[in-house]
Amino acid sequence: VALPAWSQNDAHEFVRLHRLALESDYVSNHLHNWIDLIFGVKQRGPRAVAATNVFYHLTYENAVDVDAIQDNDSKTATLEQIKHFGQTPPQIFSAPHPTRLPA
């Protein structure tokens, strides 16, 4: 694995700096926004559009029933598109995620 120059090519320093960032007050204060984008109310629909968080339609769960596609070329093309674009995780929250309570 090639580590970035800022880690001084030291895996422990790489992990240490990432832990500092992920455990920071900034991340704690904004984590709910990320959860809304990835798993929540800003993943689909008007809130996703407003948040510029819209993905290719085939990436969404249950967007297409591949088994129902009769034409082999269309089925292959659809599977290849899904394979190359990846998949959006399931939307598991329907209300905005609450902010983290102070420690």
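Analyst: Here are some notes on a few residues, taken in turn.
Analyst: This is a predicted model, where local features need pLDDT of at least 70, side-chain atom pairs count only at pLDDT 80 or more, and totals for chains, interfaces and linings use all residues. Residues are numbered from 1 along each chain as its sequence is written, and side-chain values use heavy atoms, with hydrogens and water left out.

User: Where is Thr88?
Analyst: Thr88 lies in the segment after helix H4 (72–85). Helices here are DSSP runs of H or I, at least four residues, numbered from the N terminus.

User: Buried or exposed, that Thr88?
Analyst: Thr88 is buried, at a relative accessible area of 11%. Buried means under 20%, exposed over 50%, partly exposed in between, with a 1.4 Å probe and protein chains only.

User: Which residues is Thr88 in contact with, leaving aside neighbours within four places in sequence?
Analyst: Gln43, Phe55, Thr59, Tyr60 and Glu61. Contact means heavy atoms within 4.5 Å.

User: New topic. How many aromatic pairs in the whole structure?
Analyst: The search finds 4. One of them is Trp34 with Phe39, edge-to-face, at 5.9 Å centre to centre and 80° between the planes. Rings of Phe, Tyr and Trp (its six-membered ring) pair if their centres lie within 6.5 Å; planes under 30 degrees apart are stacked, over 60 edge-to-face, the rest tilted.

User: How accessible is Trp34?
Analyst: Trp34 is partly exposed, at 46%. Phe39 is partly exposed too, at 25%.

User: What about phi at Gln8?
Analyst: Gln8 has a positive phi of about 60° and is not a glycine. Most residues other than glycine have a negative phi. Gln8 is exposed, at 62%.

Conventions
Helices (H or I, at least four residues) and strands (E, at least two) are DSSP runs, numbered from the N terminus.
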